Amino acid sequence: MPLDPVSRLVLDEAGSLPTRVLVVDDPDLANHLVDVGHDVLASCDDQRDQQRLSEGVREWGGAYVEVVLARLGKAIASLDELAAELAQRANGGPLHLVAGGRDKHLTPAMNLTLGRSFTDVHASRGRQKSRVLHASGPRRDAEQRWPKHAYVDDLGLTVVAHGGVFAGPRLDPGTRLLLRTLPSPTAALDAIDLACGSGLIAAVLARAGHRVTAVDVSAAAIASTRATLAANGLSATVVRSDGLIALADAAADLIVCNPPFHLGASKDSTPAMGMLADAGRVLRAGGELWCVYNAHLPYLPTLRAAVGPTLVAARNRDFIVTRTRNAPGERLRAKPPGAVVPKLVR
């Protein structure tokens, strides 16, 4: 498979490579290097990327590697965590990090972030709207600031977040609106926190007495959710999965979701649409899907067509909270994109 402009630039900028190389969040580059004879270790936060790795690529277990080739996303915190971990693993030994991304996603803050863990940081010249950041000279005193812990007063819970997790160690406004709207339980249910992120929703559901399964495609989210549950003395089943694929049919009475609106560095609601559409399969008859999303996103037609009757339970200028009942016989035909959907009142 041909390499895209970012991967090709990273490879060209890296120059002559040693036999063993670590590749981060770039399965195509990892597969290419295996094909040309390198011993490749790889780390992919997104399970979908991990599943694209060829059989010859080995999972990175944290071993020291002198050359690291990485794909940059938008998350500065994720880069901060990676850089500190690499520098600490090097323990003063030689290390060259070559990290590439699209120009529109790179910021001067990335150079400053890398400078906390490396003595020499500079950018390459741009090519095909892509650019590379070089970092070398790992600092012996590099400080790992992740995961971060914070107490959320609104919930009375401690949150633990790794760098790659949406909203980090805080309660984001959408989740706040969703949890304020979610009714108090009258019985213990089989509940799913879909796209669990830092695990705050899972923690709230578990504290309420539900039997909780927390699901996310991100390794950082899975680690964060487990840490958040542990910090609050709560328990749940935590599953790394692309949406609900790993869940059985009719497995849940309740699904609660603040779905992602991006795929990697790009805004893309397609994965969220797929997750929400699959909720009808995983919910038992009469079960409910509670969801919060940006007010401009066209999720209502998908919810009504794939799951069942949907009401707007709460909304403000930025977010909508919906309550959808799984009712296959009452699903509506999806409206065309851009159709005006009236607000329904319970």
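User: Which residues does Ala83 touch, once residues up to four places away in sequence are not counted?

Analyst: A contact here means heavy atoms within 4.5 Å. By that rule Ala83 touches Leu114, Ser117 and Phe118, residues up to four places away in sequence being left out. This is a predicted model, in which local features need pLDDT of at least 70 and side-chain atom pairs count only at pLDDT 80 or more, while totals for chains, interfaces and linings use all residues. Residues are numbered from 1 along each chain as its sequence is written, and side-chain values use heavy atoms, with hydrogens and water left out.

User: Where does Ala83 lie, and is it buried or exposed?

Analyst: Helices (H or I, at least four residues) and strands (E, at least two) are DSSP runs, numbered from the N terminus, and Ala83 lies in helix 4, residues 76–90. Buried means under 20% relative accessible area, exposed over 50%, and partly exposed in between, with a 1.4 Å probe and protein chains only. Ala83 counts as buried because its relative accessibility is 0%. Its C-alpha atom is separated by 24 Å from that of Val34, which is 49 residues away along the chain.

User: Which residues are buried in helix 2, and what covers them?

Analyst: In helix 2, residues 27–35, the buried residues are Pro27, Leu29, Ala30, Asn31, Leu33 and Val34. Their cover includes helix 1 (5–14), strand 1 (20–24), strand 2 (39–43), helix 3 (47–51) and strand 4 (67–71). Just after helix 2, Gly37 takes a positive phi of about 105 degrees.

User: Which residues other than glycine have a positive phi?

Analyst: Among them is Asn91, with a positive phi of about 50 degrees although it is not a glycine. Asn91 lies in the loop between helix 4 and strand 5 and counts as exposed because its relative accessible area is 54%. Another is Ala195, whose phi is near 65 degrees; Ala195 has its place in the loop between strand 10 and helix 7, and with a relative accessibility of 18% it counts as buried.

User: In which sense do strand 6 and strand 7 pair, parallel or antiparallel?

Analyst: Strands of a sheet pair through backbone hydrogen bonds, either parallel or antiparallel, and two strands are said to pair if DSSP finds at least two bridges between them. Strand 6 (residues 118–123) and strand 7 (residues 130–138) pair in the antiparallel sense over 5 bridges, with Asp120 having Ser136 in strand 7 as its bridge partner. The two strands form a hairpin with 6 residues between them, and Gln128 in the turn has a positive phi of about 50 degrees. In the loop between strand 7 and strand 8 (148–152) lies Pro147, and the peptide bond from Trp146 to Pro147 is cis, with omega near 0 degrees.

User: In what order do the 7 strands of the open sheet stand, and which strands are at the edges?

Analyst: The order is 12-11-10-13-16-18-17, and the pairing is mixed. Strand 12 (237–240) and strand 17 (310–315) stand at the edges, each with a single partner strand, so one side of each has no neighbour in the sheet. From one strand to the next the twist averages 20 degrees. Strand 11 (residues 211–216) pairs with strand 12 in the parallel sense over 4 bridges, and Ala214 has Val238 in strand 12 as its bridge partner.

User: Which strands does helix 7 lie across?

Analyst: Axes are lines fitted to C-alpha atoms, for helices over the stretch in contact, and angles run from 0 to 180 degrees between N-to-C directions. Helix 7 (residues 200–207) lies across strand 10 (190–194), strand 11 and strand 13 (252–257), and runs at about 165 degrees to strand 10.

User: What is the mean pLDDT of the protein chain, and where is the pLDDT below 50?

Analyst: pLDDT is the predictor's confidence in each residue, from 0 to 100. The chain has a mean of 93, and 93% of its residues reach 70 or more. Over residues 334–346 the pLDDT is below 50, and this stretch has 18 contacts in the model beyond near neighbours in sequence.

User: How many helices and strands are there in the protein chain, and what percentage of its residues count as buried?

Analyst: The protein chain holds 10 helices and 18 strands, and 50% of its 346 residues count as buried. Its C-alpha trace spans about 65 × 45 × 40 Å along the principal axes.
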